[in-house]
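Visitor: I'd enjoy a close look at one part of this model. Could you walk me through it?

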Amino acid sequence: MCASPDSIREIMMTAHDLGMVDSGEYAFFSVELFTSTNESRRPWFREKDTMETNQKAKKAYEALLTVTARIPVTAEYAEFSRGVKNLSQQYFGKPYGKEEVNTYVTAFHDAVILYSLAVNETLREGLSVKNGTLVTQKMWNRTFEGITGNVSINEKGDRFVDYSLLDMDPETGTFEVVANYYGVSQQFVDIPGKHIHWAGNRGEPPSDVPTCGFDGSLCSDELFPQYVIVTSVLSTVVVVFIIMSFFIYRHFQLEAELASMTWKIRWEDIVNTKQGVKKRSGSRQSLNRSLGSSCPSEAMSIADNRQVFVRNGYYKGMVVAIKTINKSRVDITRSLLLELKRMKDLQHEHIVRFVGCCVDPPHCCLVTEYCQKGSLQDILENEEIKLDSMFRFSLMHDVVKGMAYLHSSEIRSHGNLKSTNCVVDSRFVLKVTDFGLHCLRIYDENDNEDSYAHWRRKLWTAPELLRMNNPPLEGTQKGDVYSFP
């Protein structure tokens, strides 16, 4: 603490009344900005106070350590001090008496010497002393002999200052220097024959934190721990109850969403259009095997280069793509309900939106968003469409954003990514389709292994998946990266 002597005395008296001094668990520090008088060697004593009060203050001051600027003991400093006292008496009529010279006076004297050295060095180099920046730099990072001894300035212009630590001798009641700190060497050196008298008859310094804490909170009465235990138990019960209630609510909410079957579409609500006349997909070279492809169907024949059109219709005034599920009936299981809900929840500008599913035999089908421009393969194979580098980059960027969203969703992976499953809408925005619901997508595995169609479907499949006897239908995220068209 840095305060006036009277303020420090009040603080120490208060600490004594609180028992903070007698226990020896506290050590108080004061910082003197000016060199003290001889009276400050006994700061606890006040002539106007009673002997009892002074003895109480003396007892309190046993816990106080004072840090002050070190007073040099050289003959030069003693001569300088006598000169300052004589000038003070001569010009200002102020007798110093036994009072020490203020350390600011010696600091000013050393500052003038430092400035003179910098100016002389500047003049010797033929430079202008009016350049304050240059003169200032000359004063940095140098050492010289001043009135207070060795003066050292670092490269930032700060002086390495020496300090003294004063402690009160409990016998004499006088504060004496017990150790010095030297700023240049950064050493704390004890004065021979002197040692710190710790309050409370302690033989060592008190700990950083007292046993009962600074506010006594660590040494409370017996009722406090019981109160804490009861509060902790009740708080734990309340937190557990809230967490359980949250999960129960989420469970019932999920069950209600599954039971609502928002994905379910009645066949009667779909208005069919004549296939391939009003709306077409334009995919020319695919196999029409993969179920759920919203826009491009896969071509049934490659030799005759025929174009096959996806089936489409109107649902609630919206054009949708209809993909038939090659099953006589669809068993609604909990896992299927969960996957249908995940598909319904997907919303992204580069993902084909899943509208719903019709499970009314014999009209079992998947209903998805319809994209008018066909697949990426159609666009790349269409010689009439000239794609510049910026347009190609935009298409690739759309694929990356769509797959990044798909990988971060609960679907996790595509498993059948290829150029025919990347479709383009009327605004030339590319969207990824034909993912999820693999239990409803029946792939024809009876293709002749010597046929072109059989091997062409595997061009986008990652090598590690080709090596598997039974690769997962949902594929892997690394396999999707390999399949990027």
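Visitor: Which residue just after helix 5 takes a positive phi?

Guide: Happy to! That residue is Asn 141, with a positive phi of about 55 degrees just after helix 5. Bear in mind that this is a predicted model, where local features need pLDDT of at least 70, side-chain atom pairs count only at pLDDT 80 or more, and totals for chains, interfaces and linings use all residues. Residues are numbered from 1 along each chain as its sequence is written, and side-chain values use heavy atoms, leaving out hydrogens and water.

Helix 5 itself spans residues 132-139 (helices are DSSP runs of H or I with at least four residues, strands are E runs of at least two, numbered from the N terminus). Within helix 5, Leu 134, Val 135, Lys 138 and Met 139 are buried, meaning under 20% relative accessible area with a 1.4 Å probe, protein chains only. These four lie on the same side of helix 5, because they cover an arc of only 145 degrees around the axis (taken from the directions from the axis to the C-beta atoms). Their cover includes helix 4 (103-124), strand 3 (142-146) and strand 4 (149-153), with contact meaning heavy atoms within 4.5 Å.

Elsewhere in the model, a nonpolar core of 28 residues is the largest; such a core joins buried Ala, Val, Leu, Ile, Met, Phe, Trp, Tyr and Cys residues through side-chain atoms within 4.5 Å. Phe 354, Cys 357, Phe 435, Leu 437 and Leu 440 have the most contacts inside this core. Among the elements that each supply at least two of its residues are helix 7 (334-345) and helix 9 (389-408).

Key
Buried < 20%, exposed > 50% of the residue type's maximum accessible area, 1.4 Å probe, protein only.
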